[in-house]
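Dear colleague,

Please find below the structure that I am handing over to you. My notes on what was found in it follow directly after.

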Amino acid sequence: MQLIWLRSDLRIDDNTALSAACERGPTLAIWIASPGQWLSHDDAPSKVDFWLRNLGELRQSLEQLNIPLLIRETDTWHDVPQVLLEVCRTHQVKAVHWNEEYGINEQRRDDATVALLEQSSISTHSYLDQLLLPPGSVLTRSGQYFQVFGQFKRACLDRLHHGLPGLAPKVKAQAPQPIASDPIPQRIDGFEQPPLALRDHWPAGEAEAQRRLAVFIDDAIDDYLQLRDLPAEPGTSQLSAYLAAGVISPRQCLHAALSANRGEFDSGSVGVQTWINELLWREFYKHILVGYPQVSRHRPFRAHTDALPWRDAPQDFKAWQEGRTGFPLIDAAMRQLLETGWMHNRLRMIVAMFLSKNLLIDWRLGERHFMRHLIDGDLAANNGGWQWSASTGTDSVPYFRIFNPVTQSQRFDPKGRFIRHWLPELKALDEKSIHLPVKSADLFATYSYPSPIVDLARSRQRALAAFKGLSDWQEKNAPCVTHVDSGLQERPMD
């Protein structure tokens, strides 16, 4: 008997570990809930609910293949190896298969599993599945992980030009097994069910993920370069939650994009090229997670930036969280996050830069808030995006890049359509004033919209001074730079 340990790979098609297990013989599947671990990792209730709903769809697909699905629960990952060993002994499992995940905790869990199972003469097999290219296979000439995306991208494209990663073989139905599948839990303690509207926005299942991919390829990808920055337009794929949960694979996305562009990476549709670029950003941040593990522990990629004089401003932080900053695009974006479990990518950059630069509040507080609400929350992508915005991460652009939320609003939501959708109290404003409402007694009395909580020009100068001071300090003290306590706990370790 073979055992496939499902994690962030909740699909049948192009599932590397599942295909490999089924090719070796009769196969049993298992999924393990670890609520204590998820809470310590700030996984969002909407994300956990999305896992459960996709498990329900996956169980039906597995049953059509006569593959039973077992459900087990441990509080943390510490007990996962023992749970797997017990299942192996109960069902005479000879080999356990899984797709690789990335992060310090994930690696320690898997290493402990390998050690315990192999002590009991049970073989273990792990597979590349979340990525197009294995971490450690795309390196600089000196053998180091890339720190700049542009260089990483060129190296990846060179590799992919020489051979695309193939899709996993189709899984065939096996003979019926005398093992019953376990029921899928409707909820997990500690994670409340999200509103019905949020669930409706993110239907579960491989069929839905493939439908979204097909619609995007057919209707939007050619205009992706122009539309991807416009939050009021349906110009993005809306696949991030499905990629994060493994309901669709990056290989399937890449193959579909190239098929629409006659197999070309660097000619033909500019939209296709741009979307492939986004897939490679996702790839880049997971490689960073492996090559520079400190980012898996809430540490900045650039260690000296831990000395930045972050402000302790709980009221400003709360206003940002709740969409009450007085800057309409910021507030509309934060309300989108709270109500849908998702935020448009352009807006993620704008609100992150506003928090870390204009408010000068530690980026890690924002990173954690995002993870606690994002249905597509992914450690590598979320951390990478926040550190990019805060100028503490992998970036060739200097710290003085600070987005102005008003000019960004005027550029990317010129008619205020996105703002009006999420801030109905501002619907009556004209296209000029909606980006920064003119302070008038009538307006604020009628619509109860707050005044701006910060002066953009002064806050920009404050941020520049903080980063400039840090840069000057680093030049004088580079040999003796040490970690400065930010007051935030590390990502908990097992």
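This is a predicted model: local features need pLDDT of at least 70, side-chain atom pairs count only at pLDDT 80 or more; totals for chains, interfaces and linings use all residues.

Helix 3 itself comprises 20 residues (residues 45-64), which at 1.5 Å a residue should span 28 Å; the end C-alpha atoms are 29 Å apart, which agrees.

An α-helix has 3.6 residues a turn, so residues three or four places apart point the same way. Both arginine 53 and aspartate 49 are buried.

In total, the structure contains 27 salt bridges. One of them joins the side chains of aspartate 129 and arginine 11, at 2.7 Å from N to O. Aspartate 129 sits in the loop between strand 5 (123-127) and helix 6 (149-161), and arginine 11 in the loop between strand 1 (2-6) and helix 1 (16-24), so this pair ties together parts that are 118 residues apart in sequence. Aspartate 129 is buried, at 2% relative accessibility, and arginine 11 is buried as well, at 1%.

A further salt bridge connects arginine 187 and aspartate 189, at 3.3 Å from N to O. Here arginine 187 is partly exposed, with a relative accessible area of 42%, while aspartate 189 counts as exposed at 62%.

Finally, a network of salt bridges links Arg7, Glu101, Arg109 and Asp110.

Yours sincerely

Methods: Residues are numbered from 1 along each chain as its sequence is written. Side-chain values use heavy atoms; hydrogens and water are left out. Helices (H or I, at least four residues) and strands (E, at least two) are DSSP runs, numbered from the N terminus. The expected span of a helix is 1.5 Å times one less than its number of residues. A salt bridge is a side-chain nitrogen of Lys or Arg within 4 Å of a carboxyl oxygen of Asp or Glu. Buried means under 20% relative accessible area, exposed over 50%, partly exposed in between (1.4 Å probe, protein chains only).
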